[in-house]
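Subject: Structure for you to look at

Hello,

Here is the structure I promised you. Please open it beside this email and follow along.

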Amino acid sequence: METTYFYNELPAMECFSGDTLPAFHIVPEGITLADNARMTLLIEDHNAPGAVALSKSMTVSEDTVYGKHFYAKLSSSDTSALCGTYRLHFILIQSGAEYEKLTGTLHVRQKVRAVSAS
């Protein structure tokens with residue numbers, strides 16, 4: 001049986017705890033963005049479905065490369081408390097409705113540190 005998805009799935013991503021990740025530029029397709037439209041990036045702990053490990057408001061931006069889009073960057077301070085597998089949920093909020101059309105998986109590994117001899 002073939003599954004029909006009503007959202008797009010990002011390729012799985014992996015980083016180390018404390019890494020700064022490349023920016024996410026999200027261009028909603030097929031809709032006109034209202035002036036009050038906003039987008040939130042929710043990071044859900046895979047081991048605790050429904051538990052939000054991090055919520056980040058995305059910034060509305062407009063440039064010649066992406067046009068009008070939403071932008072967010074996970075900094076080292078954002079990822080420093082993460083370790084394990086997470087689901088990324090990009091949620092568009094517009095005219096009182098929420099739309100989730102993009103999701104993905106993020107694997108965060110703990111950095112290995114050398115132990116200093118005393």
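Which residue forms a salt bridge with Arg-87? The partner is Glu-9, and the closest N and O atoms are 2.9 Å apart. A salt bridge here is a side-chain nitrogen of Lys or Arg within 4 Å of a carboxyl oxygen of Asp or Glu. The pair links distant parts of the chain: Arg-87 is in strand β8, Glu-9 is in strand β1 (residues 8–9), and 78 residues separate them.

Some ground rules before we go on. This is a predicted model, in which local features need pLDDT of at least 70, side-chain atom pairs count only at pLDDT 80 or more, and totals for chains, interfaces and linings use all residues. Residues are numbered from 1 along each chain as its sequence is written, and side-chain values use heavy atoms, with hydrogens and water left out.

**The overall picture**

The chain has 1 helix and 9 strands. Helices (H or I, at least four residues) and strands (E, at least two) are DSSP runs, numbered from the N terminus. The order from the N terminus is β-β-β-β-β-β-β-α-β-β. Along the principal axes, the C-alpha atoms fill a box of roughly 60 × 40 × 25 Å.

Of the 118 residues, 32% count as buried. Buried means under 20% relative accessible area, exposed means over 50%, and partly exposed is in between (1.4 Å probe, protein chains only). The accessible surface comes to about 7900 Å², and 51% of that belongs to carbon and sulfur atoms. These areas come from the Shrake-Rupley method with a 1.4 Å probe; for residues, only the protein chains shown count as cover.

Now look at contacts, meaning heavy atoms within 4.5 Å. Among those between residues at least 6 apart in sequence, 65% join residues at least 24 apart.

**Salt bridges**

The count comes to 4 salt bridges. Go back to the pair we began with. Arg-87 is buried because its relative accessible area is 19%. Glu-9 has 43%, so Glu-9 counts as partly exposed.

Next, find Arg-109 and Glu-14. They form a salt bridge with the closest N and O atoms 2.5 Å apart. Arg-109 sits in strand β9 and Glu-14 in strand β2, 95 residues apart. Arg-109 is partly exposed, at 48% relative accessible area.

Then there is Asp-78 with Lys-56, at 2.7 Å from N to O. Asp-78 lies in helix α1 (residues 76–79) and Lys-56 in strand β5 (residues 52–57), so this pair ties together parts that are 22 residues apart in sequence. Asp-78 is buried, at 14%.

**The core**

Nonpolar side chains tend to be buried together in soluble globular proteins. The largest nonpolar core here has 22 residues. Such a core is a set of buried Ala, Val, Leu, Ile, Met, Phe, Trp, Tyr and Cys residues joined through side-chain atoms within 4.5 Å. Phe-24, Ile-26, Leu-41, Met-58, Phe-70 and Phe-90 have the most contacts inside this core. The elements giving two or more residues are β3 (24–26), β4 (38–45), β7, β8 (84–94) and β9 (97–109). β8 gives the largest share, 4 residues.

Take Phe-24 as an example. Leaving aside neighbours within four places in sequence, the residues in contact with Phe-24 include Met-13, Leu-41, Met-58, Phe-70 and Phe-90.

**A hairpin and its loop**

β6 and β7 form a hairpin with 3 residues between them. The two strands run antiparallel, joined by 5 bridges. Strands pair if DSSP finds at least two bridges between them. Glu-62 stands opposite Lys-68 in β7, and Thr-59 stands opposite Tyr-71. β7 also pairs with β3, antiparallel, over 3 bridges. There, Tyr-71 is the bridge partner of His-25.

Val-65 is in the loop between β6 (59–63) and β7 (67–72). Val-65 counts as exposed because its relative accessibility is 64%. Together with Val-27 and Tyr-66, Val-65 makes a nonpolar surface patch of about 260 Å². Patches are made of residues with over 30% relative accessible area and no salt bridge; like charges are joined within 9 Å, and nonpolar side chains (Val, Leu, Ile, Met, Phe, Trp, Tyr) within 5 Å.

Best wishes
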